[in-house]
Amino acid sequence: MSLSRREFLAAVGALSAAGMLGGCGLALPPLTPGPRPPTDWKPATTPIWRTLSRLTYGPQPDELAYAQAIGRTSWIEAQLAPTTIDDQACALRLARFDTLTMDPSIIFDVRPSYLQAELQDGAIVRAVHSRRQLFELIVEFWSDHFSIAITKEGVAYLKPTDDHEVIRRYALGRFDELLWASMTSPAMLVYLDNQANHAASPNENYARELLELHTLGVTAGYTQADVRAAARCLTGWSVGDAQSLWRGRQQFVAAEHDDGPKTILGIQIPAGRGAGDVERLHGILLAHPALPQFIAAKLVRRFVADDPPPHLVAAAAATFSATKGDLTAVLRTILLSAEIAAAPPKFKRPLHLVAGAIRQLGGSTIGGADLRAALTTLGQPLFAWPTPDGFPDTTAAWSANLLPRWQFALRLAGNELEGVASDLEGLVQASGATDLRTWIDRLGSLLFGAALPAPVSGALASTLGGAFTSTNMQAALAALLAAPHYQWR
């Protein structure tokens, strides 16, 4: 018997009543969780649980035990060296997706809708199944930073190569290499219209986003003249079309390049440098004092707090400058800091919520239309944010969309998502529960890292009638996945 909306709402009502009337705190608000997490009852606050909640898509029991055994610092260091982590099981799951590493010369023969689906499914599978969890979160960060929407005409053919040759290759490398790879990425050049950037009619779209979103930030003090000069540096950089020998690859067309003298950010670039103008632009941006601060602030916002602690931003920026943009060193400064240990909860973005729930319940997935649709409804259609600034990073951007989260919780608990395999009976057996109250307690520890307050678990079991049935087990699970505490990490 599948879980009905009636049972789910009854369970939600029980949690709400227990929290609001009993003072236990696991209360569901009317429709939105608001800008702040619930404060009267707290999930686990141990350093290991907090670390794995923040730096994975969702703590799993075996990962938690491993991190407890080696210690928080050693776990973070291991995650910062992802190639040392055996991820063969995830790689085997990804083998079904032919287009993730397909050569650009043949990928044009594939339907764009198929390319989009495989790219999105691949990201979902990695988020759920990869043992390199921190790496996947960092890949998601850079995918937002260098955001490219696969919905723009022609981009779906190019983004898979950008994903594995730009973002994934350099996510923990050096920023200068990552930036250069992005600046010469066919997907980026097409997405931001640089293939239409010619000497006779410069297109400033990519140049503007390069300065504002990718390197310096809008407050860095550059001018429209600097944007114009950057666009002139980028003229002639294009991508071969489906009929070209350069099919799907970046190319420099000297005849389309503005080879005159240029001045950008107060630095002169002499005439006659041809393709070297882009290399000089790259170097000028890397040397600008606003760059370390801009990148550090974005990383701290993603991993620590919506309002980045200034001291930590300064420390991360100093590491960026001292190491010439060593991204692993910068992340080490952030993730091993005192600030992250005391950081406030972060509101889960949709992928974190979806992947984390499947992970924590011991489920598996191959992606699929249901999960892609769920993420779209939740507001995070992967690789399809309509503007080049990437999916937002703050609570305010996500906290007004709670109803789809309830719907996802209901469908996941009821095993109604195609492409997701869950074993509720196996989870019950592993928990050792033989009655509904114990099952609810075990779920609390699994999802929150700490047992629920007795009045909350008691009220939920009582509302469901106390019978240890499949429907009641599903209702309790759905209600806890929908609870406000579960929306935060």
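Glu140, Asp144, Arg302, Arg349 and Asp393 are linked in a network of salt bridges. A salt bridge here is a side-chain nitrogen of Lys or Arg within 4 Å of a carboxyl oxygen of Asp or Glu. By this rule the model has 24 salt bridges.

A word on the source. This is a predicted model, where local features need pLDDT of at least 70, side-chain atom pairs count only at pLDDT 80 or more, and totals for chains, interfaces and linings use all residues. Residues are numbered from 1 along each chain as its sequence is written, and side-chain values use heavy atoms, with hydrogens and water left out.

Next, Asp277. Which side chain meets Asp277 at 2.6 Å, N to O? That of Lys262, in a salt bridge. Asp277 lies in helix H14 (residues 276-287) and Lys262 in strand S3 (residues 262-264), so the pair ties together parts that are 15 residues apart in sequence. Helices (H or I, at least four residues) and strands (E, at least two) are DSSP runs, numbered from the N terminus. Both Asp277 and Lys262 are buried. Buried means under 20% relative accessible area, exposed over 50%, partly exposed in between (1.4 Å probe, protein chains only). Asp277 also forms a salt bridge with Arg273, at 3.9 Å, N to O. Arg273 has 36% relative accessibility, so Arg273 counts as partly exposed.

Now Ile269. Ile269 lies in strand S4 (residues 267-269). Its relative accessibility is 1%, so Ile269 counts as buried. Leaving out residues up to four places away in sequence, Ile269 touches several residues, including Lys262 and Asp277. Contact means heavy atoms within 4.5 Å.
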